[in-house]
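This briefing sets out selected structural features by topic.

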Amino acid sequence: MILEIDPKHPEPRKIKQVVEVLANGGVIVYPTDTYYGIGCDLFNKEAIERIYLLKRRPKHQPFSFICSDLKN
């Protein structure tokens, strides 16, 4: 499913859809200033496994993560 969200006027309905995908262990793709990021719920081990499979990345290579604040 492709879901475009206007960054200036995000629609609550679309944000809710993305939150539901993440809450159910899904994976999302989002644009960054240089490339696309792949995201999931950091606390969902199965979702992280999905990203390893999608990227064909060896398990010994960790991923970086983004958070809004270091206390997160």
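The side chain of Asn44 reaches the backbone nitrogen of Glu46 at 3.1 Å, a polar contact (a pair of N or O atoms within 3.5 Å; within protein, one must be able to donate a hydrogen and the other to accept it, and residues adjacent in sequence count only if both atoms are side-chain atoms). The model is predicted, so local features need pLDDT of at least 70 and side-chain atom pairs count only at pLDDT 80 or more, while totals for chains, interfaces and linings use all residues. Residues are numbered from 1 along each chain as its sequence is written, and side-chain values use heavy atoms, with hydrogens and water left out.

**Asn44 and helix H2**

- Asn44 is found in the loop between strand E2 (36-39) and helix H2 (45-55); helices (H or I, at least four residues) and strands (E, at least two) are DSSP runs, numbered from the N terminus.
- Asn44 counts as buried because its relative accessibility is 18%; buried means under 20% relative accessible area, exposed over 50%, and partly exposed in between (1.4 Å probe, protein chains only).
- Within H2, the residues Ala47, Ile51 and Tyr52 are buried.
- These three residues lie on the same side of H2, because they cover an arc of only 150° around the axis, the arc being that of the directions from the helix axis to the C-beta atoms.
- Lys45, Glu46 and Leu53 are exposed on the other side of H2.

**Salt bridges**

- A search of the whole structure finds three salt bridges, each defined as a side-chain nitrogen of Lys or Arg within 4 Å of a carboxyl oxygen of Asp or Glu.
- Lys59 forms a salt bridge with Glu49, in which the closest N and O atoms are 2.2 Å apart.
- Because Lys59 lies in the segment after H2 and Glu49 in helix H2, this pair ties together parts that are ten residues apart in sequence.
- Lys59 is exposed at 52% relative accessible area, whereas Glu49 is partly exposed at 29%.

**Cysteines**

- The count of disulfides is zero, a disulfide being a pair of cysteine sulfur atoms within 2.5 Å.
- The sulfur of Cys40 is 14 Å from the closest cysteine sulfur, in Cys67, and is therefore too far away for a bond.
- Cys40 is partly exposed at 22% relative accessibility, and Cys67 is partly exposed at 33%.

**Surface and distant positions**

- Val29, Tyr35, Tyr36, Ile38 and Leu54 make a nonpolar surface patch of about 600 Å².
- Patches are made of residues with over 30% relative accessible area and no salt bridge, with like charges joined within 9 Å and nonpolar side chains (Val, Leu, Ile, Met, Phe, Trp, Tyr) within 5 Å; accessible areas come from the Shrake-Rupley method with a 1.4 Å probe, and for residues only the protein chains shown count as cover.
- Tyr36, placed in strand E2, is exposed at 55% relative accessibility.
- His60 lies in the segment after H2 and is exposed at 66% relative accessibility.
- From C-alpha to C-alpha, His60 and Ile15 are 33 Å apart in space, and they are 45 residues apart in sequence.
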